[in-house]
Amino acid sequence: PATPAALRDAVRTALSEAEIRTTLEDLTALGVTASYRSVDVRDAAAVGTLVAEVTAAHGPVRMFIHGAGVLADKAIVDKTDADLDRVYDTKVLGATTLLGALDLAQLRGLVMFSSSTARFGRVGQADYAMANEVLNKLAQQVAAEHPHVRVRSLGWGPWDGGMVTPALAELFAQEGVRTIGLEVGAQLLVDALGHEAPTEWVIVGEGSRLPGPFASAATQTEVAAPAPGETVFTRTLGVDDHPFLASHAIGGKAVLPAAMMVEWFAHAAMAQHPGLRFVGIEDLEVYRGVKIGRTERVDVRIEAGAVEKADGQFCVPMELCSGGTNGSRVLHARTRVLLASSEVSAPNHDAAADAALPAYAEPVDTVYAQRLFHGQAFQGITSIDGLAAPGIKATVRAAPKPKEWMSAPVRGRWITEPLAIDCGLQAVIVWSATQAGTPSLPSRIGAYRQYRPFPREGARLGVRIAEQSGSRVVADLDWLDASGQLLATMSGGEFTLDAGLAGAFSRNRVE
C-alpha cells in the first residue's frame with residue numbers, strides 16, 4: 001500500500017503538472033508559442049543536448065532565468081550528505097551546468113531566482129541559504145565578466161502561491177513576513193530587468209518586518225520591528241541547577257520543554273496581574289528551541305505586551321526570548337495567556353471521545369527506550385491504555401514538587417502540570433511513530449484550557465487525531481480525573497513528522 005509520504009509526493013506532482021498545463025494554455029491564449037521540456041539540471045550531458053536542440057530550432061538563447069530549487073528542511077545536525085547534495089546541486093550545479101552549455105556572447109539577460117533566506121537565514125534551511133548565496137555570487141561573477149549581459153539575482157521572499165500553502169503563509173505572517181502577490185512579483189521581475197540597477201536584490205512582501213541590520217535591504221516598504229515588550233520574567237538556565245533539563249535532550253542538547261514554557265508563561269502573566277488566575281493559553285508557537293549543552297547557561301526572559309479584555313477574560317500577549325543587548329534578539333516562542341477573576345467551568349466531556357481503543361502490547365519501558373527521547377524525570381506515562389488510528393489513551397503521573405526539578409523554583413507548587421502536559425505531547429509522538437511510521441515534535445498549540453488543579457495521583461489522558469496530512473499531524477487532547485471530570489483540554493496541537501528525528505532522539509544525553 002502507498003505510504004502517506006508517497007501519496008503526498010504523488011499529489012504534489014499531479015498539482016504541479018496541472019499548474020504547468022494551465023500556464024501553457026494561458027500563454028497560448030495570449031498568442032505566445034511556448035514549449036515545456038523537463039531535464040535534470042544537474043546532468044551536464046542532458047542539459048547540453050537540450051540547449052543544442054533549442055538553439056538549432058530557435059536560434060541563440062538570449063534570456064536565461066534560473067528558477068530550479070528543492071528543499072530538505074531539517075536541523076543541520078539531522079541533514080544527510082544526500083540532503084545537502086540535492087539542495088545545493090539543484091541550485092548551484094544547475095546554474096553552472098546551464099551557463100556552461102550556453103553561448104554567453106549571445107546572451108542578453110540572466111536572472112537567478114535566489115531567496116531571501118540567503119540574506120536572513122531560516123531554521124532548517126542552512127543548505128538552502130548557502131546554495132542561494134553562492135547563486136548570488138555567481139551572478140556577480142557573470143556580471144563582471146560579461147558586461148553586455150543584464151544580470152539580476154533576486155532574493156525572493158515567499159510568494160502568495162506555489163510552495164507557500166495558506167498554513168505556511170500564516171506562519172510567515174506570525175513571523176512578520178508578508179507574502180509577495182503574484183502580479184506584484186511578476187511586475188518586479190520586469191522592472192528589475194527594465195533599467196539599470198544593482199545585480200543583487202532582496203524582495204519581500206510589503207509590510208514585512210526584517211531584522212534591524214537588514215531593514216533597508218528589501219525593495220518594498222518595510223515597517224520596523226515593534227519595540228520589545230516589558231520584561232516580566234527572567235531566568236538563567238543550566239543543566240546543573242535545572243536537572244529536569246537533562247531528561248529532555250535531543251541531538252545531544254537539553255531542550256526546554258514546551259510544557260515548561262506554558263508553566264512559566266502562566267507564572268509571568270499572574271505575577272504581572274495579581275488577583276487573577278490562569279485559565280489557559282491561545283496560539284502557542286515554538287519558533288526556535290532553547291537548547292543547552294552540558295556546561296552552557298542561557299539567559300531567557302518573557303516579555304509581555306498590553307493586556308486586552310474580552311468575554312470577561314484578560315488576554316496577555318507574551319514572548320519567550322533570549323539575547324538582545326549585545327547580540328541579536330532571539331524569539332523562541334510566542335503565545336497569548338488567558339487570565340480570569342475566577343475558575344472557568346469545564347464543558348461537558350464528550351462520552352464519544354472516550355470510546356475504547358485496541359490494547360497496545362508494547363510495555364511502557366520499551367516505548368521510552370525505543371520510541372521516545374525522554375529521560376527519567378519525564379517518563380510520566382504509566383500505561384498506554386489503547387492505541388489505534390483514531391488516537392491514543394494513557395494514564396499519566398503528576399510532576400513532583402518544583403524544588404525537585406530545579407534550584408530556586410519560581411513557585412512552591414505548579415500552576416499548570418508540566419509533566420502531565422508533556423506526557424500528552426509524548427503520547428502524540430508515540431502515535432506518530434507507530435501509526436504514521438515517523439517520529440514527530442510539537443510546533444504549535446492552538447489552545448490550552450485548564451479548569452481545575454491536577455490531582456497528585458495524576459490523570460487519564462485521551463488523544464484524538466484530528467488530521468494527518470503530509471508531514472503534519474493535528475491532535476486534540478483531554479486530561480481527566482479518576483471520576484471522568486475534565487481537568488484540562490488542548491485543541492489544535494500541531495506536530496511535524498520528520499524521519500530524521502529518530503537519530504536525534506537516540507542522542508538523548510546532554511553532551
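Buried means under 20% relative accessible area, exposed means over 50%, and partly exposed lies in between, with a 1.4 Å probe and protein chains only. Keep that in mind for glutamate 200. At 18% relative accessibility, glutamate 200 counts as buried.

Some ground rules. This is a predicted model, where local features need pLDDT of at least 70 and side-chain atom pairs count only at pLDDT 80 or more, while totals for chains, interfaces and linings use all residues. Residues are numbered from 1 along each chain as its sequence is written, and side-chain values use heavy atoms, with hydrogens and water left out.

Back to glutamate 200. It sits in strand β4. Strands here are DSSP runs of E, at least two residues, and helices are runs of H or I, at least four, numbered from the N terminus. What does the side chain of glutamate 200 touch? One partner is the side chain of arginine 119, in a polar contact of 3.1 Å. Glutamine 140 is joined to glutamate 200 too, side chain to side chain, again by a polar contact of 3.1 Å. A polar contact is a pair of N or O atoms within 3.5 Å; within protein, one must be able to donate a hydrogen and the other to accept it, and residues adjacent in sequence count only if both atoms are side-chain atoms.

Now the strand itself. In a regular strand the side chains alternate between the two faces of the sheet. In β4, both faces are covered. Glu200 and Val202 are buried on one side, Trp201 and Ile203 on the other. The neighbour is β3, residues 150-156, which pairs with β4 in the parallel sense over 4 bridges. Pairing takes at least two DSSP bridges between the strands. Glycine 155 stands opposite valine 202.

A cavity is a set of points on a 1 Å grid over the protein atoms alone where a 1.4 Å probe fits but cannot get out; a pocket is an open set with protein on both sides within 12 Å along at least five of seven lines; lining residues have an atom within 4 Å of a point. Grid points join across faces, edges and corners, and a volume is the space filled by probe spheres set on the points.

How many cavities of 30 Å³ or more does the search find? It finds 2. β4 gives the most, with 3 residues. By class, this lining has 3 nonpolar, 3 polar and 3 charged residues. Nonpolar covers Ala, Val, Leu, Ile, Met, Phe, Trp, Tyr, Cys and Pro; charged covers Asp, Glu, Lys and Arg; the others, Gly among them, are polar.

The largest cavity also has a volume of about 40 Å³. Arg413 and Trp414 are among the residues that line it. Its lining has 6 nonpolar, no polar and 3 charged residues.

On to the second largest pocket, at about 540 Å³. Of its 23 lining residues, those closest to the centre are Arg413, Trp414, Ile415, Gln450 and Pro453. Its lining splits into 12 nonpolar, 3 polar and 8 charged.

Last, helix α10. Of its 19 residues, 17 are buried, so the helix is largely enclosed by the rest of the structure. At its start, a side-chain oxygen of glutamate 417 reaches to within 3.1 Å of the backbone nitrogen of leucine 419. Glycine 437 follows α10, with a positive phi near 80°.
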